[in-house]
Amino acid sequence: MVDLLDFFLRTREAQRALTQARSRLYRVAYAWCHSAALADDLVQETLTKALQKTSQLRDPKARDAWLFTILTNCYRDHFRRQRDMDDIDDIEISHDTTPESETSSTEIVGMVRKAIAQLSEGQRQVVTLVDLEGFSYGEVAQILDVPIGTVMSRLCRARNAMKAFLLPEIQQNPAMVREIRRIK
């Protein structure tokens with residue numbers, strides 16, 4: 001009979017403590033989610049779990065930390081359940097990029113960089129500004145402080161030099177033709 005009375009008193013004390021903690025739990029839950037209904041649901045779930053598991057609380061002094069830990073777990077669980085799920089059967093696994101295409105692109109970039117490195121400084125500047133960065137001839141002329149005719153002639157010479165450098169490589173590997181494109 002004493003054990004039953006002791007259990008009843010402990011349960012009553014736990015219920016009273018949980019009731020007092022409810023407003024604090026609600027304030028924190030509301031601060032986290034900014035929704036009164038969701039905060040109320042989270043607190044309700046927290047208190048339900050706490051009442052079901054009161055036997056797991058070993059130190060009554062740590063009750064508040066224990067309750068807020070349960071609230072934190074309820075909050076996380078709520079958002080895990082809300083996460084959008086994709087049906088794995090609907091996901092297309094294939095991808096356009098393959099290791100072979102990446103290697104080919106890397107080789108082409110390396111060849112173009114070599115070709116650009118063999119140009120004179122003026123030609124390199126014009127090619128990179130016009131073809132890579134997309135500046136107009138007028139903007140390049142202003143950036144380099146040269147006449148627009150100079151920009152056009154340097155660009156023409158640079159493209160011809162690059163073509164002469166890259167053409168033998170392209171003839172050896174015809175698959176590169178579709179990878180290399182003229183910009184502009």
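## Salt bridges and a helix crossing

Lys49 comes out partly exposed, with a relative accessibility of 29%. Keep in mind that this is a predicted model.

- Side chains of opposite charge can pair when their charged atoms come close.
- Glu45 is partly exposed, because its relative accessibility of 22% falls between the 20% cut-off for buried and the 50% cut-off for exposed.
- Glu45 also makes a salt bridge to Arg81, and here the closest N and O atoms are 3.9 Å apart.
- That one still counts, because the cut-off for a salt bridge is 4 Å.
- Arg81 sits in helix 3 (residues 63-82) while Glu45 sits in helix 2, so this pair ties together parts that are 36 residues apart in sequence.
- Arg81 is exposed, at 52% relative accessibility.

**A pair inside helix 3**

- Asp77 and Arg80 form a salt bridge too, with 3.1 Å between the closest N and O atoms.
- These two are 3 residues apart in helix 3, which is about one turn of the helix.
- Asp77 is partly exposed at 24% relative accessibility, and Arg80 is partly exposed as well, at 45%.

**Helix 5 against helix 7**

- Two packed helices are described by the angle between their axes and the distance between the axes.
- Helix 5 (residues 121-132) and helix 7 (residues 148-172) have axes that come within 8 Å and cross at roughly 95°.
- Helix 5 is therefore roughly perpendicular to helix 7, because angles of 65 to 115 degrees fall in that class.
- On the helix 5 side, the contact is made by Gly122, Gln123, Val126, Val127, Val130 and Asp131.
- They meet Val151, Arg154, Leu155, Arg157, Ala158, Arg159 and Met162 of helix 7.
- Sorted by type, the residues of this contact are 7 nonpolar, 2 polar and 4 charged.

Terms used
Residues numbered from 1 in each chain as written. Predicted model: local features only at pLDDT ≥ 70, side-chain atom pairs only at ≥ 80, totals over all residues. Heavy atoms only, no water. Axes fitted to C-alpha atoms, helices over the stretch in contact; angles between N-to-C directions. Helix = DSSP H or I, 4+ residues; strand = E, 2+ residues; numbered from the N terminus. Parallel < 35°, antiparallel > 145°, perpendicular 65-115°, else oblique. Contact = heavy atoms within 4.5 Å. Nonpolar A, V, L, I, M, F, W, Y, C, P; charged D, E, K, R; others polar. Buried < 20%, exposed > 50% of the residue type's maximum accessible area, 1.4 Å probe, protein only. Salt bridge = Lys/Arg side-chain N within 4 Å of Asp/Glu carboxyl O.
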